[in-house]
Amino acid sequence: MEMLFSALLAGALGFMGLWLWQGRRRWLFGFHGLLALTMLSKGLGGVVLAALILLAYCVVTREFRWLLRVLNPWAVTLFSVIALPWYAAMQFKHGDAFFDEFIVRQHFRRYVTSELAHPGPWWFYLPILLIGMFPWTAHLGLLRFRGLMHDHRRVFLLCWVGMVLAFFSASQGKLSGYILVALPGLAMWIAEEWTRASVARLRIAGLIQAAMLLALAPLLRSVPSALAVGITHANLRLGPVSRWFSGKTGLWTAAVLLLAWLTWRGRRFAAPMLAATLTAAATIWLVAAIGGEIDRTASARPIAREVCGK
């Protein structure tokens with residue numbers, strides 16, 4: 001559910017950004033259409049976040065006209081046609097029970113209390129954000145605030161990431177998946193700075209990225225045991241150096257060294273493409289490696305088999 005909600009809201013915010021930058025009404029319709037789908041996927045959270053981001057953007061840029069233009073009657077009609085029929089049907093069928101459970105309990109009480117989600121400190125999402133950006137975590141150092149006020153694209157991306165982080169950090173109940181919608185905005189901001197950064201800064205970020213990816217392959221072998229016995233009891237040793245240059249790990253090491261070379265040469269297209277390919281390969285390997293353990297410890301398959309057997 002979090003992935004669906006985050007994908008829809010990120011798409012809606014992308015359309016909002018295009019509308020703010022270009023002023024074309026078709027982007028506004030795209031924004032309202034996807035925003036309506038976020039309401040169908042997970043309630044009012046997307047509308048609240050989009051409103052906060054737009055308000056923050058208008059305050060920072062002092063362009064308050066967008067607060068009225070976003071309420072274009074035809075765009076609002078599109079939003080209403082998509083989102084409201086289901087809510088009306090549920091209210092008609094279930095009455096006050098729907099409002100009390102879905103709106104009051106699952107929205108307001110989930111936000112202001114920790115009874116429906118795990119409590120956490122105010123900085124709960126900061127390490128999650130860093131991990132979520134892997135292997136681009138080192139590229140967060142490319143972000144610059146100098147001249148930000150003269151570039152409305154970066155202002156919007158800052159409002160996107162900042163308001164999502166602030167909104168969920170203020171919540172009493174915290175779950176790691178809530179912050180997913182901030183990652184696309186942060187990735188686009190990094191990409192924007194990537195085009196402006198000097199070769200020296202790109203080299204530093206790229207070499208740190210290569211070092212992180214180099215250490216990833218041996219650590220991935222420990223993930224199944226970490227799921228089985230807990231991370232504190234898992235064997236997280238990197239192993240002997242010779243293992244890094246043999247078999248599949250050796251191929252991984254060669255690819256990471258190629259990435260480091262491309263970064264050092266300042267290849268702004270080839271380097272990130274290779275990094276993305278390596279990340280996708282690691283993800284596929286990880287899913288294949290932990291699939292059996294997750295199926296054994298957390299899957300609903302045994303329950304489904306028991307139900308079907310009956």
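**Figure 1. R153 is partly exposed, at 39% relative accessibility.** Partly exposed means between the two limits: buried is under 20% relative accessible area and exposed is over 50%, with a 1.4 Å probe and protein chains only. This is a predicted model, in which local features need pLDDT of at least 70 and side-chain atom pairs count only at pLDDT 80 or more, whereas totals for chains, interfaces and linings use all residues. Residues are numbered from 1 along each chain as its sequence is written, and side-chain values use heavy atoms, with hydrogens and water left out. A salt bridge here is a side-chain nitrogen of Lys or Arg within 4 Å of a carboxyl oxygen of Asp or Glu. D151 itself is buried, with a relative accessible area of 10%.

**Figure 2. A salt bridge joins E192 to R153.** The closest N and O atoms of this pair are 3.0 Å apart. The two residues come from distant parts of the chain, 39 residues apart: R153 belongs to helix α8 (residues 152-170) and E192 to helix α9. Helices are DSSP runs of H or I with at least four residues, strands are runs of E with at least two, and both are numbered from the N terminus. Helix α9 spans residues 182-194. E192 counts as buried, since its relative accessibility is 15%. Which residues does E192 touch, not counting those up to four places away in sequence? They are D151, R153 and R154. Such a contact requires heavy atoms within 4.5 Å.

**Figure 3. Salt bridges link six named residues into a network: D151, R153, R154, E192, E193 and R196.** R154 bridges to D151, with the closest N and O atoms 3.3 Å apart. Both R154 and D151 are buried. On another side of the picture, the side chains of E192 and R196 make a polar contact at 3.0 Å. A polar contact is a pair of N or O atoms within 3.5 Å; within protein, one must be able to donate a hydrogen and the other to accept it, and residues adjacent in sequence count only if both atoms are side-chain atoms. How many salt bridges does the rule give? The count comes to seven.

**Figure 4. The largest nonpolar core holds 51 residues.** A nonpolar core is a set of buried Ala, Val, Leu, Ile, Met, Phe, Trp, Tyr and Cys residues joined through side-chain atoms within 4.5 Å. The residues with the most contacts inside this core are M16, L20, F31, F156, W160 and V164. Elements giving two or more residues to this core are α1, α2, α3 (45-61), α5 (73-94), α7 (125-132), α8 and α9. Helix α8 gives the largest share, ten residues. Follow L20 to see one set of partners. Beyond its neighbours within four places in sequence, L20 is in contact with L54, Y57, W66 and F156. Another core lies apart from the largest one; it has 14 residues, including L216, A255, V256 and A271. In soluble globular proteins, nonpolar side chains tend to be buried together.

**Figure 5. L37, L40 and W86 form a nonpolar patch on the surface.** Together they have about 240 Å² of accessible area. Patches are made of residues with over 30% relative accessible area and no salt bridge; like charges are joined within 9 Å, and nonpolar side chains (Val, Leu, Ile, Met, Phe, Trp, Tyr) within 5 Å. Accessible areas come from the Shrake-Rupley method with a 1.4 Å probe, and for residues only the protein chains shown count as cover. L37 sits in helix α2 (residues 25-42). L37 counts as partly exposed, at 33% relative accessibility.

**Figure 6. S6 lies in helix α1 (residues 2-22).** Is S6 buried or exposed? At 7% relative accessibility, S6 counts as buried. Its contacts, leaving aside neighbours within four places in sequence, are with G177, L180 and V181.

**Figure 7. H118 is part of strand β1 (residues 118-119).** H118 is exposed, with a relative accessible area of 54%. H118 and G173 are 55 residues apart in sequence, yet 5.2 Å apart in space from C-alpha to C-alpha. Apart from neighbours within four places in sequence, H118 contacts Q172, G173, K174 and L175.

**Figure 8. The protein chain has 15 helices and two strands.** Of its 310 residues, 38% count as buried. The chain exposes about 17,400 Å², and carbon and sulfur atoms supply 70% of that area. Among contacts between residues at least 6 apart in sequence, 75% join residues at least 24 apart.
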